Amino acid sequence: MRLFLSQRTRSYALGRVRAITVNHSRTSEPAGMPPPLQGIKVLDLTRVLAGPTSTMLLADLGADVIKVEEPSRGDDTRSWYPPAAPLSSDAPEEASHLPPESAYFLAVNRNKRSITVNFKEPEGLAIVHKLVKEADILVENFISGKLAELGLGWDDCQKLNPRLIYASITGYGQTGPFRKAAGYDVIVEAEAGLMHITGEPDGPPCKVGVAVTDIATGLYAHGAIMAALLSRQRTGKGVWIDCNLFESQLAGLANIASNYLIAGQEGSRHGTSHPSIVPYQVFPCKDGFIMIGAGNDKQFKLFAEKILERPDLPSDPKFSTNKARVANRQELVSLITETLQKQGRDHWIEKLTGLGVPFGPINNIAQTFAHPQVAAREMVTEVEHPRAGKIKLVSPAVTYNGKRMPITRPPPYLSQHTKEVLAELGYSSEDIAELRQKKII
């Protein structure tokens with residue numbers, strides 16, 4: 001398989017994958033950072049993506065995240081397969097009735113413990129109330145008001161534990177006419193402007209290839225929870241965090257939102273191109289595609305002279321400034337396209353490498369994970385899962401003093417830690433057996 005990389009990986013200009021050896025023996029290597037949330041207990045009442053993303057990030061930092069799931073099926077994403085990890089021959093017998101571990105669930109639930117509790121029943125609610133009393137943080141993504149109906153709303157939990165940080169993740173927030181509406185990434189992408197500006201200019205609106213609104217909301221929630229922990233250090237009091245997909249997406253419109261608010265300029269679809277910079281888009285080559293971004297006049301001059309072999313273009317009034325290039329976008333894009341389609345992608349990557357003009361190939365997912373930077377930065381971690389054996393996960397994205405927080409637990413199978421957690425709460429083996437018989441757990 002061939003791999004095509006940007007100018008920052010000069011030795012890979014022709015796309016040849018090399019084995020990378022990472023030296024771990026350096027005595028000067030930093031020792032990383034102790035997990036800052038060690039000793040913090042998180043009660044995770046979330047499902048699917050936004051909520052689990054936020055709690056996974058807390059777990060990565062050392063928090064003890066207890067994921068409370070519905071007893072019969074658990075998190076919705078457990079049933080979202082194929083694909084799923086193949087079951088190992090020595091998988092625990094107690095979990096033999098469960099479906100395989102879905103790749104979706106495995107993506108956002110590392111470093112957590114799973115328990116199953118039917119808290120719609122009084123005995124199940126009592127279990128969760130005990131967990132609330134011991135928790136530092138509760139994260140939930142039920143429809144606004146639903147947990148309050150069950151005795152687990154902010155007011156209920158705050159009475160049990162005044163220091164509790166209670167983070168609610170919803171579609172539209174705790175107030176307003178849409179407060180009771182369910183939150184779905186693709187719907188909010190449509191409703192909050194993102195889909196309107198995504199896609200080709202002459203094509204229909206298009207969703208982003210991954211649930212970016214969910215992920216952004218999880219990141220916002222994670223940051224808000226960390227801020228609330230700092231606030232509690234000062235005040236000794238808990239905080240109710242209201243985080244939602246709609247406002248996260250609205251904030252994520254960034255300069256497009258500002259263009260409208262400041263200048264009344266409506267957003268539009270530009271495909272891979274940039275509304276304010278030319279050339280800055282994907283171009284077809286003879287055998288593939290390449291992204292090129294000449295963001296200033298110096299870069300355009302280099303591009304015109306060395307790649308297009310048109311030294312006249314930088315002095316042409318139609319192309320001499322970025323403003324002029326934007327005004328004459330169609331003519332310039334056609335000229336570039338005509339040139340690049342004469343040769344294959346390898347040819348242009350070799351010529352662009354080290355030139356000083358930003359560029360990058362359009363890699364598929366296999367090529368992405370074969371990227372030398374993935375290996376050099378150890379962005380894939382292999383862990384041992386009790387049901388699936390060795391599985392590969394994307395590593396945490398941040399390093400501290402050159403070290404990533406470790407993956408100490410694989411994503412749990414359904415109810416894996418129910419006995420363990422209930423024993424920590426003081427339930428005897430007999431109590432646990434009775435609760436299981438009653439289908440409370």
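1. The protein chain carries 17 helices and 15 strands, where helices (H or I, at least four residues) and strands (E, at least two) are DSSP runs numbered from the N terminus. This is a predicted model, in which local features need pLDDT of at least 70, side-chain atom pairs count only at pLDDT 80 or more, and totals for chains, interfaces and linings use all residues. Residues are numbered from 1 along each chain as its sequence is written, and side-chain values use heavy atoms, with hydrogens and water left out.

2. For overall dimensions, the C-alpha atoms fill a box of roughly 85 × 55 × 40 Å along the principal axes. Of the 441 residues, 45% count as buried; buried means under 20% relative accessible area, exposed over 50%, and partly exposed in between (1.4 Å probe, protein chains only). Take contacts (heavy atoms within 4.5 Å) between residues at least 6 apart in sequence: 71% of them join residues at least 24 apart.

3. On domains, the assignment gives domain 1 (41–264 + 387–438) and domain 2 (280–363), with bounds that come from an automatic or database domain assignment. Their C-alpha centres lie 44 Å apart.

4. Now the aromatics. Rings of Phe, Tyr and Trp (its six-membered ring) pair if their centres lie within 6.5 Å; planes under 30 degrees apart count as stacked, over 60 as edge-to-face and the rest as tilted. The count by this rule is seven aromatic pairs. One of them is Trp154 with Tyr166: the ring centres are 6.0 Å apart and the planes sit at 70°, so this pair is edge-to-face. It links distant parts of the chain, with Trp154 in helix H5 (residues 154–160) and Tyr166 in strand E7 (residues 165–170), 12 residues apart. Trp154 is buried at 17% relative accessibility, and Tyr166 is buried at 2%. Another pair is Tyr172 with Phe178, whose centres are 5.3 Å apart and whose planes are at 45°, so they count as tilted. Here Tyr172 is buried at 10%, whereas Phe178 is partly exposed at 42%. Trp154 and Tyr166 also form one aromatic cluster with Trp240.

5. Gly153 is worth a look next. You'll find Gly153 in the loop between helix H4 (146–149) and H5, buried with a relative accessible area of 6%. Leaving out residues up to four places away in sequence, Gly153 touches Leu147, Ala148 and Tyr166. Cys243 is 90 residues from Gly153 in sequence and 15 Å away in space, C-alpha to C-alpha.

6. The charged end of Arg78 is over Phe105, 3.7 Å from the ring centre. Arg325 lies over the face of Phe300 at 4.4 Å from the centre.

7. Helix H12 (residues 329–340) has 12 residues and spans 16 Å from first C-alpha to last, close to the 16 Å expected, taken as 1.5 Å times one less than its number of residues. Its buried residues include Leu332, Val333, Leu335 and Ile336. The buried residues of H12 pack against strand E9 (280–284), strand E10 (289–293), helix H10 (297–307), helix H11 (322–327) and helix H13 (345–352).

8. Last, strand E2 (residues 64–69): five of its six residues are buried, so E2 is largely enclosed by the rest of the structure. Strand E1 (residues 41–45) runs parallel to E2, joined by four bridges; pairing needs at least two DSSP bridges. Leu43 has Ile66 as its bridge partner in E2.

Technical notes:
A charge sits over a ring if NZ of Lys or CZ of Arg is within 6 Å of the ring centre and within 35 degrees of the ring normal.
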